[in-house]
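Q: I have a new model open and would like to learn how to read its features one by one. Could you walk me through it?

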Amino acid sequence: MYTIKTNKSGTRSMEISEEHLLTIEKYQLLSSLVGSNGIVDEGVLDKLKFTIRSLIVSQDGSKELLDLCIDVIYHNNMKALGLSALIELYKEWKERQTEEESNRPSDEC
C-alpha cells in the first residue's frame with residue numbers, strides 16, 4: 001500500500017494499492033494523459049475520468065476499473081495535485097518493476 005498527498009499542506013492523503021497500479025498499467029491510463037506542457041490540472045483529471053468511464057462501458061463494468069474509480073479517481077480528495085502525485089508514484093513504481101525484472105536471473109536452457 002502506498003500513500004500519496006493530495007493537497008499542498010499534506011493534511012489530506014489517499015491510499016493507493018498495488019492492484020490500483022496494476023490496473024493503471026493494464027489499461028495504460030496515464031500514457032499520453034498530460035500534454036506537452038507537463039501541467040496537471042483539473043482538465044487532465046476530467047480527461048482521465050472520461051477515459052475510464054468509456055472503458056467501463058466498453059468492458060461491461062470491469063471490477064478492477066470500478067474499484068480504481070471508487071477508491072482513487074472519484075475519491076473526495078482527488079484533485080489535480082493528487083493526480084500529479086499519482087502520476088509520480090506510478091512512474092516510481094514502474095521503474096522499480098523494471099529494475100526487479102532486469103535483476104531476476106533468466107531461465108536459460
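A: Gladly! Gln28 sits in the loop between helix 1 and helix 2, in a model that is predicted. Gln28 directly follows helix 1 and has a positive phi, near 50°.

Q: What is Gln28 not, although it has a positive phi of about 50°?
A: Gln28 is not a glycine, yet its phi is positive, at about 50°. Another residue to look at is Ser32, which is also other than glycine and has a positive phi near 60°. Ser32 lies in the loop between helix 1 and helix 2.

Q: Are Gln28 and Ser32 buried or exposed?
A: The general idea is to compare the relative accessible area with a cut-off: exposed means over 50%. Gln28 has a relative accessible area of 57%, so this residue is exposed. Ser32 has 65% relative accessibility and therefore counts as exposed.

Q: Let me step back to the overall layout. How many helices and strands are there in the protein chain?
A: The protein chain has four helices and two strands. Along the sequence they follow the pattern β-β-α-α-α-α. The C-alpha atoms fill a box of roughly 50 × 35 × 30 Å along the principal axes. Of the 109 residues in the chain, 35% are buried. Among contacts with a separation of 6 or more, 61% join residues 24 or more positions apart.

Q: How do I read the two sides of a helix? Which residues of helix 1 are buried?
A: In helix 1 (residues 18-27), the buried residues are His20, Leu21, Thr23, Ile24 and Tyr27. Viewed down the axis of helix 1, these buried residues fall within an arc of 160°, so they line one face of the helix. Glu19 and Lys26 are exposed on the other side of helix 1.

Q: What do the buried residues of helix 1 pack against?
A: Their partners are strand 1 (2-5), strand 2 (13-16), helix 2 (42-58), helix 3 (63-73) and helix 4.

Q: Where do the buried residues of helix 3 fall, seen down its axis?
A: Leu65, Leu68, Cys69, Val72 and Ile73 are the buried residues of helix 3. Down the axis of helix 3, they fall within an arc of 110°, so they line one face of the helix. Lys63 and Ile70 are exposed, on the face of helix 3 turned away from its buried side. The buried residues of helix 3 pack against strand 2, helix 1, helix 2 and helix 4.

Q: How should I describe the way two helices meet? At what angle do the axes of helix 1 and helix 3 cross?
A: Take the distance between the axes, then the angle, then the hand of the crossing. The axes of helix 1 and helix 3 come within 10 Å and cross at roughly 125°. The two helices are therefore oblique to each other. The crossing in which helix 1 passes helix 3 is left-handed.

Q: Which residues meet where helix 1 passes helix 3?
A: From helix 1, His20, Thr23, Ile24, Lys26 and Tyr27 take part. In helix 3 they meet Glu64, Leu65, Asp67, Leu68, Asp71 and Val72.

Q: Finally, how do I read aromatic pairs? How many does the structure hold?
A: A pair of aromatic rings is described by the distance of the centres and the angle of the planes. This structure holds one aromatic pair. Tyr90 and Trp93 form this pair, which is tilted, with 5.8 Å centre to centre and 35° between the planes.

Q: Where do Tyr90 and Trp93 sit in helix 4 relative to each other?
A: Tyr90 and Trp93 are three residues apart in helix 4 (residues 80-103), so about one helical turn separates them. Tyr90 is buried, with a relative accessible area of 15%. Trp93 also counts as buried, at 0% relative accessibility.

Methods:
Residues numbered from 1 in each chain as written. Predicted model: local features only at pLDDT ≥ 70, side-chain atom pairs only at ≥ 80, totals over all residues. Heavy atoms only, no water. Phe/Tyr/Trp six-rings, centres within 6.5 Å; stacked < 30°, edge-to-face > 60°. Buried < 20%, exposed > 50% of the residue type's maximum accessible area, 1.4 Å probe, protein only. Arc of directions from axis to C-beta. Contact = heavy atoms within 4.5 Å. Axes fitted to C-alpha atoms, helices over the stretch in contact; angles between N-to-C directions. Parallel < 35°, antiparallel > 145°, perpendicular 65-115°, else oblique. Left-handed = near helix turned anticlockwise from the far one by under 90°.
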